[in-house]
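Open your viewer, get the sequence panel ready, and follow along one selection at a time. Each stop says what to pick and what you'll find there.

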Amino acid sequence: MSALLSIERVSKNYGPRIGCSDASFELWPGEVLAIVGESGSGKTTLLKCISGQMEPTSGKVRYSTRAGREVALDAMSEAERRFLIRTDWGFVHQDAREGLRMGVSAGANVGERLMAVGERHYGRIRSTALDWLGRVEIAGDRIDDSPWSYSGGMRQRLQIARNLVTAPRLIFMDEPTGGLDVSVQARLLDLLRGLVRRLGLAAVIVTHDLAVARLLSTRMMVMQGGRVIETGLTDQILEDPQQPYTQLLVSSVLQV
Amino acid sequence: MTPVLSIEGLSKEFTLHQQGGTRITVLENVNLDVMAGEAMSITGQSGRGKSTLLKLIYGSYKASGGTVRVLHNGAWVNVAGAQPRDILRLRQQTIGYVTQFLRVIPRIPAIDIVAEPLIDRDVAPDVAVGRARDLLARLNIPEKLWHLSPMTFSGGEQQRVNIARGFAAHHPILLLDEPTASLDEENRSRVLSMIAEARAAGSAVVAVFHDEEERRKACEREVAL
Ligand SMILES: Nc1ncnc2c1ncn2[C@@H]1O[C@H](COP(=O)(O)OP(=O)(O)OP(=O)(O)O)[C@@H](O)[C@H]1O
Ligand SMILES: [Mg+2]
């Protein structure tokens, strides 16, 4: 077995400003890594760099394919990279509108992902879409509705279904519960926890919420000022934080 | 007899950055071997570092110095310095841990909390849930509570869910932190017999017991911190 994703000294500068600096880590199959830190600490920049949405200024991102071949993201052609992202990866945005196609129905949002990986049979596409709506707790009779008619929590669940329907091996999430009501957040978290565990997914989750990290992740990475300042098992970071900033972060939540 | 757990020169110091960088040395140069099937108790006054030692063995705390070697599938793994994924594998198969307090996972029913360590080992769900039912029944958790989250349970009920979870899967090493502290007489003796059964099945036990009589019943060796 080898690492699914290998990040080597990834940095991203926005002109003179540092987005993220010198990040290295490996992600193994089934691991869920939470990247935490205050806003502006570079979490999203790093997530975009490692998920092929943004070109890092320097450093390498390598991915180990289903065929066991290791590929460097920057050495792939645009078409190869797009195919990989479509088939093997998922990306859940904080704002569901970024991750959904708002102009088509909920069913089409899920179905078109299947078509993108070669499924052509209409009946099968529809029944798979229906099945996935059920798994994310969306009533089947809402399949033909537009995502505009959905609540924030429903949109987020639809986005998750759209991402998971093609059975990706790796999923990236940026504040997946951000901007939702607390009760809606809780339900979404339970759903995500169940899905991630059942499917044995590997995931990288950016969050500023330590409760999200505790519930979903096995490992944590703490960022401050664009740098990774501390990494470790989730329970170890929460129970025995080493760095001053991490101690501040952990002590400022009442109970994680 | 060969050890299954071998601790050498272990130390733990906390630096409290939020409180002027105060340093607290809790453990210094701890050396300890635990043999297969052996039950050892850790004694010492409150605040002496008993829970800290168990957390260092489990990898929830980071050692400041020394090694904590655990025999895992026939090979030694040093928890102090192992990669997170190696520690997770160790926890899944080799080290079980009953914490002093249950850390409730919100909204997850008691029965699933107990079955989870088995599910993580790819045990069939109906077998895992069956085992969870047996344990909860044995620890006198009323059946009507099984499908509720322990968030609203009493302290003693939470502790029994915690114990059931710790005993769900067989582990060659079991860490027990005051497992009987909040239990009544009847449940205490049930826990003691579960410990005896785990030992008969080959588990080594490292335990903290408040009560001296229980400690003597459960463990044959004692280490004072
Ligand atoms: N995460 C932590 N950060 C800072 N200090 C800690 C931490 N965990 C434990 N300590 C300190 O280490 C010392 C030992 O604590 P520990 O919980 O191991 O004691 P104990 O022997 O288990 O006590 P008790 O019998 O009361 O359970 C205490 O002074 C405690 O304040
Ligand atoms: Mg203690």
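What you have open is a predicted model, where local features need pLDDT of at least 70, side-chain atom pairs count only at pLDDT 80 or more, and totals for chains, interfaces and linings use all residues. Residues are numbered from 1 along each chain as its sequence is written, chains are lettered from A and ligands numbered from 1 in the order in which they are written, and side-chain values use heavy atoms, leaving out hydrogens and water.

**Stop 1**

Of the 256 residues in chain A, 54% are buried. Its C-alpha atoms fill a box of roughly 55 × 45 × 35 Å along the principal axes.

Chain A exposes about 11,200 Å², and carbon and sulfur atoms supply 50% of that (areas by the Shrake-Rupley method with a 1.4 Å probe; for residues, only the protein chains shown count as cover).

**Stop 2**

Pick G15(A), in the loop between β1 (5-14) and β2 (17-27) of chain A. Is G15(A) buried or exposed? At 61% relative accessibility, G15(A) counts as exposed.

Next, click D22(A), which lies in strand β2 of chain A. D22(A) is partly exposed, with a relative accessible area of 32%. Its phi is positive, near 60°, in a residue other than glycine.

**Stop 3: helix α1 in chain A**

Select residues 43-50 of chain A, which form helix α1; six of its eight residues are buried, so the helix is mostly covered. Among the buried ones are L46(A), L47(A) and I50(A). After α1(A) comes G52(A), with a positive phi near 75°.

**Stop 4: helix α1 in chain B**

Over to chain B, residues 50-58. Eight of the nine residues of this helix α1 are buried, so the rest of the structure largely encloses it. The buried set includes K50(B), T52(B) and Y58(B). G59(B) follows α1(B), and its phi is positive, near 90°.

**Stop 5: a loop in chain B**

Click N73(B), in the loop between β4 (65-72) and β5 (75-78) of chain B. N73(B) counts as exposed, at 63% relative accessibility. It has a positive phi of about 50° although it is not a glycine.

**Stop 6: the cores**

Which residues have the most contacts inside the largest nonpolar core? They are V161(B) and F167(B), in a core of 77 residues. A nonpolar core here is a set of buried Ala, Val, Leu, Ile, Met, Phe, Trp, Tyr and Cys residues joined through side-chain atoms within 4.5 Å. Show the surroundings of F167(B): leaving aside neighbours within four places in sequence, its contacts (heavy atoms within 4.5 Å) include V98(B), R131(B), L174(B) and M194(B). Finish with a second, separate core of 32 residues, which includes L10(B), L53(B), V77(B) and A82(B).

Notes
Buried means under 20% relative accessible area, exposed over 50%, partly exposed in between (1.4 Å probe, protein chains only). Helices (H or I, at least four residues) and strands (E, at least two) are DSSP runs, numbered from the N terminus.
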